Amino acid sequence: MIKFVFKNKSLLIAILIISFLTLFQIAFEFLIPTFMGYIIQIVNSPSRQSLLNDILLYSLFILLSSFASIIVNLINSWIASRASTNALAKVRSNLHKKVLSLSLNEINNFGVESLVTRTTEDIRIVGSITTVLLHDLFHGPLLVLGALSFLIIEGCHYQLVLVIVIAVVVLITSIMIGAIFVLPRFRIIEQQMDDINNISKEKLDGLRTIRAYNAEMYQETKFRKTNHKFTMNNRFVNRVLGMLTPVLQLITGAVTLSITLIGAILIKDSQGDLRYDQIAVIIQFGSLLLSGFITIIIVIAMIPQTSICIKRINEVLETEMKLSNSNNDIEDNNSPVSIKFDNITFTYPGSTVPVLKNITFTVKKGETIAFIGSTGSGKTTIVNLLLHFFEPQKGNILINNQNINEVSLNSLYEKISWVPQKSFLFHDSIKNNVCLGKPNATNAELKTALIASQSFEFVNRMKGKINSTISRGGKNVSGGQSQRLCIARALICNPEILVLDDSFSSLDYLTVKKIYSAIDTNYKNITKVIVSQRVSAIMRADNIIVLENGRIIGQGKHRELFKTCKTYYNFATSQVGSVELLS
Amino acid sequence: MKARQKPNTNHLSFALRFLLPYLSPHKFSIFISSTLGLFSSVASLCIPLTIKEISKLIIVATRPDGTWNFDAIKMWGSITLALLLTAFIFCVMQTYIVYGVTSKIGNKIRSDLSQKNDLLPISYFDNHDIGEILSYIINDTNLLSSSLDIILFNLYSTTITLFGSVIILFLFHWAIGLSVLLSLPLALAVVSFVGKKIVNRFCDEQLLISNITIKSEEDYDAQILIKSFNATERYQKKFDIVNEKLRKTSIIAEFLNESFSPILNFFGNFIFTIICLLSGYLIGMYGGSPDDIATIVAAVSYGAQLIAPLLAFAQIFSNSGRIVASSKRLSSFLNEKEEIDETNKTLKIKKIEGKVTFNNVNFGYKNKKNVIVNFSEKVLKGQKIAIVGHTGAGKTTLINLLMRFYDVNSGSIEIDGINTRDMNRKYVRSLFGMVLQDTWVFEGTFMENIKFANKKITDETVYKICKATHCDQFIKQMGGYNKKISNKTGLSLGQIQLLNIARAMAQNAPFLILDEATSNVDVYTETLIQEALDKLMKGKTSFIIAHRLSTIRNADLILVMKDGKIVETGRHAELLSKNGLYAELYYAQFCL
């Protein structure tokens, strides 16, 4: 927390200004009961000269000082809100920037949902608490200190101070006891709130399945259980927190009563030194002091939650991307080899079993290479390594004869475009979605890419054509349509290397065929890397690599593999169901 | 009708009317708690009066000719103490009861909402966002039950404190009472004005925060895409634009929020000043007896007591917009048209054979043209029906009609000669085992996920089925049948699909629906479970939607759909010889 403040100079300055202004604010606040004391004294005094004028004067003073205190207070609020909001907007922007720069591994370690919470909810909590902290940090302690010193300077009797001290101790103890009961439950409540949310979401996600199996009651029972648990906990916490009001009332009342009663005895004993008006002023100061303590307690109670949030935010900010990223660009040279995997062995971070073992292959410029194999055979991992999302533990990957660890990521991504397995569209216009990698694409380029990916027709049928907005999560286009738009997105960059990672799973065979031939005519000389489970999607490739458990078990053209590689043969026949069509 | 309702819908009374049915079962508790609150406030109101008596005794004693009457001081002291304790105990009891009531009401509203989900037709969910419904259950309910707390607490006690204080001030002197009474509406107006501003700003802020959430969610989901298409800087800029908007709104929202209590305090001090000024002035004018001087102190504490109820009222007023909006949302959701209750339909098929007949079925989704036109077909017992076509051709629509997720517009679907609409829809659904394209597992053990709501399935059956569907191996690898799973557990799409197949198998229903049931299973595993599926389908009438045409070559009837219409029907060989859409789709597999 303290570190966080010191890192932000503007916060530090705000604290200095606010602490200075708070002194004035408290001075004004103290004047109010003091003037009230004067009024009582005047009224009570036997000499009644210029009485009315004095009362009027002091009342005006009261109003003025309360006005002055609110003005100072408002200025403080403004400074505090401004400083904390500015500081946290900056943190939010930095956090977002950081996340965008991280590698896939680090993102997965945090989890997208957690990163989103850190960017939004955590920062919001820190923000609003920082405002309160800046505003009240000095107010509470200064109020307590000021009120205490006032009481002492005024020569207040120790018995009265003792009453106030006892009240403060009782207040703190009862709040502490409450906190011991309530604080651990807060986290539970939050958890149960999430549970209610999850169970409801689960139910809505599986609506059709639940209805198909007549399992409405089954799910509803689970909901009721969680709902009940949540209700019980919430009730407990509310009840304990609700006690604060009566306890405060009781303590304030008891303080007033005790001071009045003890005051009576003291007045009697003092033989005229102590006056009633002084007792009345002391009561007012006593309640000021109590309110100061309440502020302090509230501030203290906020600190643990804030520190957790700050820690979570800092975790992300302090993470460094662990991929090598040099400043050298990939040179365009005349190397005939586009991609080379040289004896690659790779294990995902956190795992002990290698997913790829001794993989070696080369792809010449303009060639098509394809990977086939069952789930978990390592096909997508090859794509992940080629795109430098991960780095292999052993072996080198060369592009245009240059090690990809020794070139900049930017230049790598200028050469390679890819279509991910799971298509993703932004909540944005179709144009912006397709032009992700090439924001300044001409309309002609856009049209060519759309036609080639077989998207032109359906895009044109949409109301806004290329400016139609894709709804969140791509809900207004079908799975096949979004896959085609993702293909367009890769094609428009006119890359040297095109990577298709199982990108046809939602497309029927006819469409795939059309896309292939359009790529061949419109984007000549592209080196293609195709990953697929369908034999039909890859049988035309120049080189097909069959993977099993991370090893290459067959390599060659379709006809050769069909004869020599048993796994490939099984794949092919099981999919097509007839041998004649293939051989 | 609508016009008559309109004037009320923007008012707090709308919220109250919505809450009334929830409140009425707790009439007794509410009555008790309000009575307790009443006693507590009356006791609190009396305290300054008793303190005043003590002060008076002190002042009298300090006058030159005064004497100390400690017996009286002791007596008033004890009365004050008794009042303090009474107020405390009653307030504690009231708090206890009120939170009991409001938590029960919150619970009831959440249950009602959740149950409503079971009663609405599927079409409702196809046209509404899940996030919206979730926020009803969480956000709106929380807001309503917390504002209910405030309402119940202050129903009597605040009014009593507010008016009691003013009346007592009137009794002290009419001028004091009147001036405080006049300044109250002013204070209330300013406070609720500022309060409303705060809430509006907070709503703006909330909207921007949710924008930021959505934006960062999208950016982080697609982080690897943004990075690998070298678009990082552009997306950072886009984010910063929203962030800057949020910053500007937040400053003001935070500022207003922080200013609320100072402004309230100022009004406290304002009333304080008026009381000091007036009472001092009055005493000055007419001479000060000890009673009058003690009155100043008492009046000051009454002035201070006014602040708390003011705050409570301000809270309600400033939140009223949100409270009304929440109750509007909830009441309109709870009033959504439900599926027609069919508990009285008890018609059942006596002996299930497995015939399905479509008679001139016409169907179109709401406000859209018919996607199924005059469809008639007879499906015989034990037949395997395949539905094929391009993506988005409307294949799932037929399934929706069969399962009665939607009802036909005209014509009928008959199972063994009985119109499905004459049977209870739950009964119709119980006839089908079904694996959907959108696979689904819930948080629970593997065992629970497979057995699901059907208690008749034994553990042994589950083991057997899991072996047949090739789930057994990965279930054991992941920690056994009693291992808890959820959709975040790290099961692959293919594995989840296998679990869904196992679940459908366990039901052992006479009809079977497989909607792209193996689309995410790799080809090799698919061939393995195909065997199990064939076993499962034996003797059962089954409907299959598939992309990979190899799996449906032996179907008894293939329906080829295009743009929502059935364009070809027949067996594999017939359709191939027709050389139409089916043949085109089929041959496309081989020659790319």
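A salt bridge is a side-chain nitrogen of Lys or Arg within 4 Å of a carboxyl oxygen of Asp or Glu. In the predicted model described here, four such salt bridges are counted between chain A and chain B. One of them joins R211(A) to E339(B), with the closest N and O atoms 3.8 Å apart. This pair qualifies because its separation of 3.8 Å falls within the 4 Å limit. Side chains of opposite charge can pair when their charged atoms come close.

The interface between the two chains was then examined as a whole. Chain A contributes 149 residues to the contact, and chain B contributes 143 residues. About 13600 Å² of area is buried between chain A and chain B, and carbon and sulfur atoms give 67% of this area. Within chain A, the residues that lose the most area to chain B are R208(A), R211(A) and Y213(A), which together account for 6% of what that side buries. Polar contacts between chain A and chain B amount to 40 residue pairs, both residues being at pLDDT 80 or more. On the side of chain A that touches chain B, the largest share, 27 residues, comes from α3(A). By class, that side of chain A consists of 73 nonpolar, 49 polar and 27 charged residues.

Over all chains, the structure holds 24 salt bridges. Among them is the pair formed by K98(A) and E320(A), whose closest N and O atoms are 3.5 Å apart. This pair links distant parts of the chain: K98(A) belongs to helix α3 of chain A, whereas E320(A) lies in the loop between α11 (276-317) and β1 (337-346) of chain A, 222 residues apart.

A search of the whole structure finds four cavities of 30 Å³ or more. The largest cavity contains about 130 Å³ of space. Its lining is made up of 16 residues, and those nearest its centre are T85(A), R92(A), G127(A), E205(B) and S250(B). Two or more lining residues are given by each of α3 (51-101) and α5 (112-136) of chain A, and by each of α8 (174-221) and α10 (232-286) of chain B. The lining of the largest cavity comprises five nonpolar, six polar and five charged residues.

How values were computed
Residues numbered from 1 in each chain as written. Chains lettered and ligands numbered in written order. Predicted model: local features only at pLDDT ≥ 70, side-chain atom pairs only at ≥ 80, totals over all residues. Heavy atoms only, no water. 1 Å grid on protein atoms, 1.4 Å probe; cavity = no way out; pocket = protein on both sides within 12 Å on 5 of 7 lines; lining within 4 Å. Points joined across faces, edges and corners; volume = space filled by probe spheres on them. Helix = DSSP H or I, 4+ residues; strand = E, 2+ residues; numbered from the N terminus. Nonpolar A, V, L, I, M, F, W, Y, C, P; charged D, E, K, R; others polar. Contact = heavy atoms within 4.5 Å. Buried area = accessible area lost by both parts, 1.4 Å probe. Polar contact = N/O pair within 3.5 Å; in protein donor to acceptor, adjacent residues only side chain to side chain.
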